[in-house]
Amino acid sequence: MIRHSRNTSESWKTLPWKKFRRNLFRLQRRIYKAVCVGDHRKAKSLQKLILKSTSARLLAVRQVSQLNAGKKTPGIDGIAKLTFEQRFEMSEELLRNSRNWQHQGLREIPIPKKDGKIRILKVPTMVDRAWQCLVKYALEPAHEATFHARSYGFRTGRGAHDAQKFLFDNLNSRVNGKNKRVIELDIEKCFDRISHSAIMDRLIAPSSIKQGIFRCLKAGVNPEFPEQGTPQGGVASPLLANIALNGIEDIHHSVRYADDMVIILKPNENAEQVLEKISQFLAERGMNISEKKTKLTATTDGFDFLGWHFKVQTNGKFRCVPSVDNFKKFRQKVKAVVNNSNYGAKAKALKLAPIVRGWRNYHRYCKMDGSRLSLYHIQQRAYKVFNKESSQTRHSSKKLLDKAFPSVPYSENKHILVKGTKSPFDGNITYWSQRNSKLYDGETSVALKRQNHTCAVCGLKFLTDERVHLHHADGNHANSKRNNLTAVHESCHDYLHMSKSVS
């Protein structure tokens with residue numbers, strides 16, 4: 001039992017997080033290896049240990065209350081922020097009830113889709129999210145040992161850039177990509193129609209976790225389809241969808257990112273036969289192919305996937321650029337900031353920088369030349385606004401523009417594809433820390449190499465479970481000299497600033 005003083009934040013901040021992460025990873029690696037050799041009994045026994053583990057429970061609470069993107073989104077209980085005392089209490093509640101978890105209802109948030117329809121985001125309470133995160137710690141390594149190599153969505157150590165690189169490797173001129181076709185597969189209401197039995201039958205877990213997952217599925221059920229659906233918004237939902245869809249990649253040569261899929265056809269292959277097999281696979285899991293959105297496309301005509309437009313030119317060269325929709329959404333975000341009259345040029349530059357950097361980073365392996373994708377015209381518009389609003393010189397406006405539109409180096413199709421079925425749970429820390437470090441550029445990349453891919457605060461390797469932040473040692477964000485910059489985990493960065501504010 002962790003001893004703590006509930007009167008200050010120090011007890012939470014000074015917990016041995018480094019030790020906790022090592023303890024959890026040790027159990028997860030053993031689960032992964034047990035499933036790899038077919039010993040499900042041992043894997044389930046280890047999963048029970050994770051439910052009881054103090055390390056896993058506290059890490060789960062920290063993940064949902066401090067690190068996740070939706071940490072400020074409340075559930076039906078209205079709780080969006082936890083005190084340090086409440087975090088300890090939540091950990092104790094997980095210890096008492098994790099083996100017989102009762103899910104509360106879900107808060108429904110309507111999200112407009114680009115086709116004009118509405119998608120319902122179903123958000124669990126904070127404590128339910130913590131339980132799902134704890135259970136995910138137990139389930140993920142077991143199923144990582146079974147997942148297909150060409151599944152890249154919502155998996156530790158894999159991402160959209162791997163799917164992008166796979167398409168390059170299979171559609172470039174060396175493999176005669178211009179003569180191939182692709183099926184752009186769309187699964188109709190995938191998350192809403194996944195059969196509960198399809199998930200439960202494939203779940204590698206002890207009965208206590210299965211029972212909790214079943215209650216989780218039932219908490220977000222649509223009355224019209226009581227045996228189907230996994231709530232979008234839950235921590236475990238993407239993992240459950242991957243469990244149900246795993247194996248669809250074996251039907252034909254393809255790449256999958258969650259429920260988005262591209263199937264690659266050689267000239268003599270029959271698209272109807274492939275679709276028939278996929279339709280049968282999905283029907284067994286309660287789902288259908290969307291006939292309206294599923295398309296058979298020549299690679300020379302081009303197709304969209306994951307925010308990119310892929311096309312094989314008539315000369316055989318493969319090209320990937322940001323899709324029209326993706327660029328349009330990005331431009332709208334930039335315009336909303338630039339044209340906002342509620343704050344000045346300096347504030348606008350600060351708000352624009354992460355938007356632009358994130359967009360450029362996502363598309364860093366695309367062909368990004370030309371005035372449109374270099375953002376020349378958007379920058380010129382921003383410069384005029386900055387120059388008009390700023391009482392300073394044109395030189396100052398130019399400096400603000402440089403801050404608002406940070407440059408990111410791009411190298412077309414140079415991403416290194418993850419090796420086969422490798423998983424972060426296989427224990428090869430050197431491979432995964434070095435691979436994760438390659439996802440960053442600029443001063444962050446320099447700091448990572450200087451620090452041998454280890455966090456300057458906790459000393460642990462940078463794996464794929466947490467983002468890397470660049471910390472300014474003297475607290476002055478204008479001082480970007482290399483001796484002032486260190487690479488740290490996101491959570492370690494939070495604690496550094498927290499300690500300064502407390503002192």
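Visitor: Is aspartate 369 buried, partly exposed or exposed?

Guide: This is a predicted model, in which local features need pLDDT of at least 70 and side-chain atom pairs count only at pLDDT 80 or more, while totals for chains, interfaces and linings use all residues. Residues are numbered from 1 along each chain as its sequence is written, and side-chain values use heavy atoms, with hydrogens and water left out. Buried means under 20% relative accessible area, exposed over 50%, and partly exposed in between (1.4 Å probe, protein chains only). Aspartate 369 has a relative accessible area of 43%, so it is partly exposed.

Visitor: With which residue does the side chain of aspartate 369 meet in a salt bridge?

Guide: A salt bridge is a side-chain nitrogen of Lys or Arg within 4 Å of a carboxyl oxygen of Asp or Glu. The partner of aspartate 369 is lysine 367, at 3.1 Å from N to O. Lysine 367 is at 25% relative accessibility and therefore counts as partly exposed.

Visitor: How many salt bridges does a search of the whole structure find?

Guide: The search finds ten. One of them joins glutamate 249 to arginine 256, whose closest N and O atoms are 2.7 Å apart; both of these residues are buried. Another pairs lysine 398 with aspartate 402 at 3.2 Å, N to O.

Visitor: Where do lysine 398 and aspartate 402 lie?

Guide: Helices (H or I, at least four residues) and strands (E, at least two) are DSSP runs, numbered from the N terminus. Both residues belong to helix H16 (residues 394-404), where they are four residues apart, about one turn of the helix. Lysine 398 is partly exposed because its relative accessibility is 41%.

Visitor: Which residues have the most contacts inside the largest nonpolar core?

Guide: A nonpolar core is a set of buried Ala, Val, Leu, Ile, Met, Phe, Trp, Tyr and Cys residues joined through side-chain atoms within 4.5 Å. The largest one here has 69 residues, and Ile50, Leu203, Ile213 and Leu282 have the most contacts inside it. Helix H6 (residues 126-144) provides the largest share of this core, eleven residues. A second, separate core of 47 residues includes Tyr257, Ala349, Ile378 and Val385.

Visitor: Which residues does isoleucine 213 touch?

Guide: Contact means heavy atoms within 4.5 Å. Leaving aside residues up to four places away in sequence, isoleucine 213 touches Trp131, Val135, Leu139, Met200, Leu203 and Leu240.

Visitor: Where is alanine 258 found?

Guide: Alanine 258 is in the loop between strand S4 (254-257) and strand S5 (260-265). Its phi is positive, about 60 degrees, although it is not a glycine. With a relative accessible area of 8%, alanine 258 is buried.

Visitor: What is the phi of leucine 375?

Guide: Leucine 375 has a positive phi of about 70 degrees, although it is not a glycine either. This residue is found in the loop between helix H14 (345-362) and helix H15 (376-389). Leucine 375 counts as buried because its relative accessibility is 0%.
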